Amino acid sequence: MNFLLKAFLLMLPAYISSPGAVLSRGKMPIDLGKNFFDGRRILGRGKTFEGLALGTLLGFIAGVIVELYSGLYGSYFNIFLLSFGGLFGDICNSFLKRRLGIEQGKKLPVLDQLNLVFGSWFLCFVFSRDWFLESFNWYIAITVLVMTPLLHRAANIAAYKLRLKDVPW
Ligand code: CTP
Ligand code: MG
């Protein structure tokens, strides 16, 4: 398989789960509306249970469909790690943004684009290391790091135009 396609498909569950969370228009905040010790929200109202659930599910379904044709992920558990991991990275990113005093919905360059990569890679590295190291060799990894911000930019402009998001990032 072409390495560009392989990089894209390996990341697909995470590429679907992040925008999938936005589609939920969720209301129940994961931080339950609570503040951290610094007086700021733990995560903010942009991270909801509905988003986490719907995003994880949609990313998982996309991965299962690709798996039936390609066998790329090796197991449904790995698909879950990629899908959920993308949103795990997103949640960690929001936690960091609040600690840095960045308000919900405001930008954190680079990490806003790559948190889904780091989150999914982290969970795969912890829970499915052999498969992860086999699948994401160095050139696939570099391809993902370059490709993701480009796809992120394109997807956010599209979501903004479709009025799914208030800001084009
Ligand atoms: N969203 C959600 N649940 C999630 C992730 C995202 O409901 N777990 C929805 C929210 O409506 C959120 C929107 O998707 O406002 C956009 O997501 P994102 O840009 O990641 O969050 P922000 O609102 O920008 O918040 P933050 O500043 O914390 O990144
Ligand atoms: Mg945002």
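**A close look at one part**

Tutor: Arginine 98 is buried but has no salt bridge, and the nearest side chain of opposite charge, that of aspartate 31, is 7.3 Å away. Buried means under 20% relative accessible area, exposed means over 50%, and partly exposed lies in between, with a 1.4 Å probe and protein chains only. A salt bridge is a side-chain nitrogen of Lys or Arg within 4 Å of a carboxyl oxygen of Asp or Glu. For charge, Lys and Arg count as positive and Asp and Glu as negative, while His and the chain ends are not counted.

This is a predicted model, in which local features need pLDDT of at least 70 and side-chain atom pairs count only at pLDDT 80 or more, whereas totals for chains, interfaces and linings use all residues. Residues are numbered from 1 along each chain as its sequence is written, chains are lettered from A and ligands numbered from 1 in the order in which they are written, and side-chain values use heavy atoms, with hydrogens and water left out.

Arginine 98 belongs to helix H3. Helices here are DSSP runs (H or I, at least four residues), as strands are (E, at least two), and they are numbered from the N terminus. Although arginine 98 has no salt bridge, its side chain reaches the backbone oxygen of isoleucine 102 at 2.8 Å. Such a polar contact is a pair of N or O atoms within 3.5 Å; within protein, one must be able to donate a hydrogen and the other to accept it, and residues adjacent in sequence count only if both atoms are side-chain atoms.

Arginine 98 is also one of the residues around ligand 1. There are 17 of them, and Lys47, Thr48, Ser94, Arg98 and Gln104 come nearest. A residue is near a molecule or strand if one of its heavy atoms lies within 4 Å of it. Helix H1 (3-23), helix H2 (49-70) and helix H3 (76-99) each supply at least two residues of this shell, and the largest share, 4 residues, comes from H3.

Several side chains bring an N or O atom to an oxygen atom of the ligand. For lysine 47 that distance is 2.6 Å, for threonine 48 it is 2.6 Å, and for lysine 97 it is 2.9 Å. Taken alone, ligand 1 exposes 580 Å², and the protein buries 83% of that. These accessible areas come from the Shrake-Rupley method with a 1.4 Å probe; for residues, only the protein chains shown count as cover.

Aspartate 31 is buried at 4% relative accessible area, whereas arginine 41 is partly exposed at 23%.

Arginine 99 and aspartate 38 also meet through their side chains in a salt bridge (2.6 Å, N to O). Because arginine 99 lies in helix H3 and aspartate 38 in the loop between H1 and H2, the pair ties together parts that are 61 residues apart in sequence. Arginine 99 is partly exposed, with a relative accessible area of 22%, and aspartate 38 is partly exposed at 36%.
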